[in-house]
Amino acid sequence: MTSTTVRNMERPLVLATGRAHPELAQDVAKELGIELLPVSAYDFANTETYVRFSESIRGADIFLMQSHTAPINQWIMEHLLMVDAAKRASAHTITAVAPFFGYARQDKKGRGREPISARLMTDLLHTAGADRLMSVDLHTAQIQGFFDGPVDHLWALPILVDYVRTRVDLDNVTVVSPDAGRIRVAEIWASKLGGGPLAFVHKTRDVTRPNKAVANRVVGDVKGKDCVLVDDLIDTGGTIAEAVRVIMSEGARSVTVAATHGVLSGPAPQRLADCGAAEVIVTDTLPIEPSKRFESLTVLSIAPLIATAIKEVFTDGSVTSLFDGNS
């Protein structure tokens, strides 16, 4: 049995991963000073998935990592099967760790006869046997209430802010939200960067056309400013690229983009490389293969944050204290 030297009531800490993003799990295991639990996982000819833990996990506190990247449905199913296998192997507690949580953008009904897919996701994980859910920067905080159990909602903001502080003139920063709905996040960013002014991009979206939004104008003063455009994820890159162009057209000196999740689907890398941003900063909650990387892209490690949160959960510590300094 691979475990940490620290034990919680003599129960070992076990970390296992699916095949979606094993590099991140390896980095987390290294931060924890443990080895990953060996897992046998493969696909049958008809694409059904098989998983099995290669060692006993009876009585263990097990953390099952899987980032829900493309092909997203395959990796979600593998995650569910790992949870079910852990339950049937008599693990003491099961924490589903999804650095990027799939279907989080579908958290409410925008029109009639639509599903609330984020709720379905939490129900599936709970039914499979997960006692606890851990994720990074959920698209909306309300998803925490969908899961029937404890949810550790981690913030990548401290990691991103620490890096951005070294890249911009803090006396000349304006934090920009890509839309009015994320102003609260922009306010937190602004306070961490010295309390500078805020702005947001006014945009319109056709709910019948996914990944389509039009940036119309900037509300707020960005002229001559070093702007930091913040968001939780970048998917096709269209919204962010348009926002950068609108901000620059309003006279900004520079635009730095910071987001937690680099989904980077389809044309995103080219759009971001060509949009005029000085730098695009994301974390490695999702795998970013070489073909998606470009010169102005910076990828920061999220492993220390996840490892610290896992350790706090395992030792009955405080995850909240990671962000506000209070236990």
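The UniProt annotation "binding site", from an unreviewed entry, covers two residues, His 139 and Asp 179. They are spread over 41 residues of sequence, yet they cluster in space, with a largest C-alpha distance of 13.6 Å. His 139 from this set also belongs to the lining of the second largest pocket. Please keep in mind that this is a predicted model.

Let me take His 139 to begin with. His 139 sits in the loop between strand S6, residues 132–136, and strand S7, residues 151–154. Is His 139 buried, partly exposed or exposed? Its relative accessibility is 25%, so His 139 counts as partly exposed. Leaving aside neighbours within four places in sequence, His 139 is in contact with Ala 104, Arg 105, Arg 182, Asp 232 and Leu 233. With one of these, Asp 232, there is a polar contact between the two side chains, at 2.6 Å.

Now Asp 179. This residue lies in the loop between strand S8, residues 173–177, and helix H5, residues 183–192. Asp 179 counts as buried because its relative accessibility is 18%, and the cut-off for buried is under 20%.

Next, the sheet. Five strands make up an open sheet with parallel pairing, in the order S1-S4-S5-S6-S7. Strand S1, residues 13–17, and S7 are the edge strands, each pairing on one side only. From one strand to the next, the twist averages 20°.

Within the sheet, S4 (residues 61–65) and S5 (residues 93–98) pair in the parallel sense over five bridges. Asp 61 stands opposite Thr 93 in S5. Helix H1, residues 22–32, packs on the sheet and touches S1 and S4. The direction of H1 makes about 160° with that of S1.

Notes:
Residues are numbered from 1 along each chain as its sequence is written. This is a predicted model: local features need pLDDT of at least 70, side-chain atom pairs count only at pLDDT 80 or more; totals for chains, interfaces and linings use all residues. Side-chain values use heavy atoms; hydrogens and water are left out. UniProt positions are given in the numbering used here, feature names are shortened, and annotations may be inferred rather than shown by experiment. On a 1 Å grid over the protein atoms alone, a cavity is a set of points where a 1.4 Å probe fits but cannot get out, and a pocket is an open set with protein on both sides within 12 Å along at least five of seven lines; lining residues have an atom within 4 Å of a point. Helices (H or I, at least four residues) and strands (E, at least two) are DSSP runs, numbered from the N terminus. Buried means under 20% relative accessible area, exposed over 50%, partly exposed in between (1.4 Å probe, protein chains only). Contact means heavy atoms within 4.5 Å. A polar contact is a pair of N or O atoms within 3.5 Å; within protein, one must be able to donate a hydrogen and the other to accept it, and residues adjacent in sequence count only if both atoms are side-chain atoms. Two strands pair if DSSP finds at least two bridges between them. Axes are lines fitted to C-alpha atoms, for helices over the stretch in contact, and angles run from 0 to 180 degrees between N-to-C directions.
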